[in-house]
Amino acid sequence: MKFTIFITEKCNLRCKYCYESGLDRSRDMDINVANKTIDFILRKIKSESLDRPLYIVLHGGEPLVNFEMVKHIHKELSDKVNGREIIYDMTTNGTILDSDKIDFICKNIDNISVSIDGTRVSHDRNRVFVNGGGSYDIAIKNAKKFLDREKDVRIRMTYTTNTVSELYESISQIAKYGFTNIVPIADYMDIKWTQSHVNMLNNQISMLINLKEKCPSLDIDLLDIKSLNTRKGDCFGGIVSFAIDVHGDIFPCTFSVGDEELKLGSVFDEDVNEEKQKELVKIYTSENEGCKNCLRKEYCYSIRCKLLNKKVMGNFNKSIPIMCSLQKVCMTTTKKLNACNVD
């Protein structure tokens, strides 16, 4: 079972593509809410087999803004969950990392991601401080400290309509720093995607395949043929996974946090609203408009992520156009990879 905990809504950056731009940005999770969240987690996993790991995502805002709460939740869960593996996950913007935080992460966080968008130009175009200044230099400097500690670190790279033409250059630059695990993700909230941008993406991927041939140790998610062609299945957020905001309100996933229509209850309640869970199942198993005969529908996130559809398109069953286009990109990329025998 997976739980995403909003440690804070505060963030020291104001990324232009942030899907959490509607959050208050002034609130932290307090100790009372944190303890009730831990109690909720313990209740939910009680009936699960011990061989099933507990996944904890420490989320924000920028989670390290509320570092004391990160440490508290980690300690309490690690002390109280007995006989079950706990896998801790965190994404940080990398700008407030210091020696204490890096020590803690290296010792206690299984999967750490740092958000860096590639080159300084690409990164600073979107990932800026409150004063508008770019965050690239400090993020790169701090991320490299994980490499010095031999800590596996994933670079989480968002590409948009104004940076897709620089994707190859961005990934090449990150690779030159010594990072090998790079996950580029399209900005799904961007409604300006056109066929011209998709063509640019295909061209960039062709160049990346050449890079991968020269540097086989690079793990670039865009070129993972297995990932590109894995059936996604239905999402059951709110049934087998939950997102808990700074107030203790419970939602199906991060994309739905703050949407009162999708609120399932609170950690201060005995349990989540079962009627709302039943409604969610109906939503998840419903069919998207115009997708019935699509050959790639079993692989598409817009089929799986109905709640993201609602956030972007205002409709659970209306697919996000760029996701449809990306399925065509996946097919083209698969053909290229097979032709080049790139693993």
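A residue is called buried when its relative accessible area is under 20%, exposed when over 50%, and partly exposed in between (1.4 Å probe, protein chains only). This is a predicted model, in which local features need pLDDT of at least 70 and side-chain atom pairs count only at pLDDT 80 or more, while totals for chains, interfaces and linings use all residues. Residues are numbered from 1 along each chain as its sequence is written, and side-chain values use heavy atoms, with hydrogens and water left out.

Begin with the whole chain. It has 12 helices and 10 strands, which are DSSP runs numbered from the N terminus (helices H or I, at least four residues; strands E, at least two). Of its 343 residues, 51% count as buried.

Next, select helix α9, residues 274–284. Gln-277, Leu-280, Ile-283 and Tyr-284 are buried there.

At the start of α9, show Asn-273, where a side-chain oxygen reaches to within 2.9 Å of the backbone nitrogen of Glu-275.

Finally, select the cysteines. The whole structure holds zero disulfides, a disulfide being a pair of cysteine sulfur atoms within 2.5 Å. For Cys-11, the nearest cysteine sulfur, that of Cys-15, is 6.1 Å away. Cys-11 is buried, with a relative accessible area of 17%. The sulfur of Cys-253 lies 6.3 Å from the closest cysteine sulfur, in Cys-235, too far for a bond.

Key: A polar contact is a pair of N or O atoms within 3.5 Å; within protein, one must be able to donate a hydrogen and the other to accept it, and residues adjacent in sequence count only if both atoms are side-chain atoms.
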